[in-house]
Amino acid sequence: MRRLWYQGIARRIVGPVTQQLERSSTTVRTTAPTAAPTPVGSPGVHRTLTVAGLVTVMLGAFLPMLDFFIVNVALPTIDHDLAAGPAVLELIAAGYGIAFAVLLVLGGRLGDSIGRRKLFIAGAALFAVTSLACGVAPSAWALVAARVAQGASAALLIPQVLATITAATHGQARAKALSIYGAAGGISVVIGQVLGGMLVQANLFGSGWRVVFLLNVPFALVAAVMAMRFVPESKSDAPSRVDLPGTLLLCAALLSLFIPLMEGRAVGWPLWTWVSMALFPFIAWAFIAVERRTEAAGRLPLVPLSLLRIPEMRSGLGIALPYFSNFGAFMFIIAITLQQGLHLSPVDSGWALVPLAVGYFSTSLAGPRLIGRFGSRVITIGALIQPVGVVVLIITALTDFNGLGIFTLMPAMVLIGGGNGFVGTPLFRVVLSTVPLERAGVGSGVLATSQQSSLALGVATWGTLFLALAPGLGMGQALALVMALQLGSSAAVAFLSTRLPRSIG
């Protein structure tokens with residue numbers, strides 16, 4: 001049960017991205033205004049993002065998402081080689097996610113002020129360095145420290161991707177780019193499980209688990225070099241100083257919630273975990289009060305609460321919490337069920353999830369065209385298809401749990417993946433569609449933080465419930481019960497989707 005954090009992130013996105021964008025490259029060039037002969041880095045100048053530039057930023061987004069999940073299948077080997085123990089293993093998995101989540105908004109804000117291409121290059125270079133540090137870590141605690149640093153570098157990198165897409169694309173080109181970004185996140189969840197299992201089992205050059213980190217180094221450096229040539233610079237026209245009080249309070253609020261949720265089970269829920277969680281609402285209230293006062297004084301806070309006045313942002317974030325919580329928990333629970341309940345190898349359990357990937361990727365690619373015709377109804381349709389797949393999974397698990405495998409799971413996986421693709425892919429497009437250009441970085445940071453925090457929250461709540469029920473009920477019964485309870489969250493996603501603007505820009 002300590003082996004997994006969520007699951008997967010993978011690599012075969014460049015091919016589909018290129019094919020999709022080859023068809024849209026003309027649109028990219030014709031819908032965007034012609035760049036003036038002003039220097040690229042000048043404030044207010046936003047050159048068009050070309051196909052090569054979009055592939056570059058997608059590579060930059062893909063690597064941190066890959067590393068968020070791929071380490072899960074390596075944890076047992078890490079435990080054996082470094083004598084890590086349960087609590088330290090949790091920190092190896094969770095330390096990256098905590099640093100990633102708490103610093104994402106700050107990363108977006110710094111990109112707005114300093115320049116998004118500069119931060120992208122710096123983030124990619126730091127990600128390469130910290131990945132190398134993870135790969136050569138001599139002890140478990142050294143690996144924990146390197147993972148935290150790796151998460152911090154990812155927080156510099158990811159917000160620049162969404163912000164650059166928002167600032168340097170227009171019209172249908174932007175819609176397609178955001179759709180591809182959303183598709184990349186979902187499809188990678190499954191492929192990463194297979195990739196991680198294969199890498200660990202291959203034991204390339206005797207590297208064992210270390211290869212899952214060392215693999216990042218050349219690709220991160222390639223992303224940094226490509227960004228120098230293909231990614232246009234952009235920044236806010238009115239950059240402001242970093243909101244230090246807001247940054248510290250946001251970090252304190254998220255840490256007070258996530259550290260006990262992630263570590264509590266491993267250390268036996270001591271008193272400090274309950275005290276920390278009890279402090280969370282008070283720290284969160286203080287953060288909101290400080291941000292509201294900062295904005296009222298005419299200064300730009302870390303998270304401008306005025307963003308929530310944008311209907312698309314408000315509605316999209318309302319859907320993001322239950323949607324990503326369900327998705328993260330589902331991948332965590334199904335992976336534990338396959339690997340520990342049915343004793344499948346990491347590679348075999350990953351192949352059992354391939355139909356989910358196929359369903360997700362298929363609807364993700366069809367989504368942009370359907371959204372153009374049917375608007376936000378596409379999200380509602382996906383929110384109705386996904387729970388049908390969950391019901392099929394419940395029936396399958398209760399009927400013949402020991403017979404679960406790639407073929408028996410296929411109907412449920414295709415429906416769940418297809419439904420999630422119709423929801424998750426356009427969600428990024430909805431939330432960022434009307435964010436002002438000068439707030440693209442902070443808007444992207446808020447969205448990315450919501451995504452990562454919701455994934456973590458889902459694992460920490462639904463995942464913990466599953467692990468608590470499994471010893472008494474058995475894996476099959478616990479899976480069915482938790483999935484049944486999740487149907488309530490699925491209903492919330494379906495209802496909230498009807499509140500979205502019918503037409504998506």
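Glu 233 sits in the loop between α9 and α10 (helices, H or I of at least four residues, and strands, E of at least two, are DSSP runs numbered from the N terminus). The model is a predicted one, in which local features need pLDDT of at least 70 and side-chain atom pairs count only at pLDDT 80 or more, while totals for chains, interfaces and linings use all residues. Residues are numbered from 1 along each chain as its sequence is written, and side-chain values use heavy atoms, with hydrogens and water left out.

With a relative accessible area of 2%, Glu 233 is buried (buried is under 20% relative accessible area, exposed over 50%, and partly exposed in between, with a 1.4 Å probe and protein chains only).

## The salt bridge

Searching the whole structure gives 1 salt bridge (a side-chain nitrogen of Lys or Arg within 4 Å of a carboxyl oxygen of Asp or Glu). The side chains of Glu 233 and Lys 118 form a salt bridge with an N to O distance of 3.2 Å. Lys 118 belongs to helix α5 (residues 116–135) and Glu 233 to the loop between α9 (216–230) and α10 (244–267), so the pair ties together parts 115 residues apart in sequence. Lys 118 is partly exposed, at 43% relative accessibility. Side chains of opposite charge can pair when their charged atoms come close.

## Overall makeup

The chain has 18 helices and 0 strands. Of its 505 residues, 61% count as buried. Taking contacts in the chain between residues at least 6 apart in sequence, 85% join residues at least 24 apart (contact means heavy atoms within 4.5 Å).

## The largest pocket

The largest pocket has a volume of about 790 Å³. On a 1 Å grid over the protein atoms alone, a pocket is an open set of points with protein on both sides within 12 Å along at least five of seven lines, whereas a cavity is a set of points where a 1.4 Å probe fits but cannot get out; lining residues have an atom within 4 Å of a point. Grid points are joined across faces, edges and corners, and a volume is the space filled by probe spheres set on the points.

The lining of the largest pocket counts 25 residues, and Leu 250, Leu 254, Phe 287, Thr 449 and Ser 450 lie nearest its centre. Two or more lining residues come from each of α10, α11 (271–296), α12 (311–341) and α17 (440–473). Helix α17 gives the largest share, 6 residues. The lining has 21 nonpolar, 4 polar and no charged residues (Ala, Val, Leu, Ile, Met, Phe, Trp, Tyr, Cys and Pro count as nonpolar, Asp, Glu, Lys and Arg as charged, and the others, Gly among them, as polar).

## Buried positions in helices

Leu 178, in helix α7 (residues 171–202), is buried at 1% relative accessibility. Not counting residues up to four places away in sequence, Leu 178 touches Leu 162, Ile 165, Thr 425, Phe 428, Arg 429 and Leu 432. Leu 178 and Leu 432 are 254 residues apart along the chain, with 8.7 Å between their C-alpha atoms.

Ser 325 is in helix α12 and is buried at 7% relative accessibility. Its side chain reaches the backbone oxygen of Leu 321 at 2.6 Å. Beyond residues up to four places away in sequence, Ser 325 touches Ala 320, Ser 454, Leu 457, Gly 458 and Trp 462. Between Ser 325 and Leu 457, 132 residues apart in sequence, the C-alpha to C-alpha distance is 6.0 Å.

Ser 490 lies in helix α18 (residues 475–497) and is buried, with a relative accessible area of 4%. The side chains of Ser 490 and Asn 326 are joined by a polar contact of 3.4 Å. Apart from neighbours within four places in sequence, Ser 490 is in contact with Asn 326, Ala 383, Gln 386 and Pro 387.

Trp 269 is placed in the loop between α10 and α11 and counts as partly exposed, at 27% relative accessibility. Its phi is near 50 degrees, a positive value in a residue other than glycine. Most residues other than glycine have a negative phi.

Definitions and conventions: A polar contact is a pair of N or O atoms within 3.5 Å; within protein, one must be able to donate a hydrogen and the other to accept it, and residues adjacent in sequence count only if both atoms are side-chain atoms.
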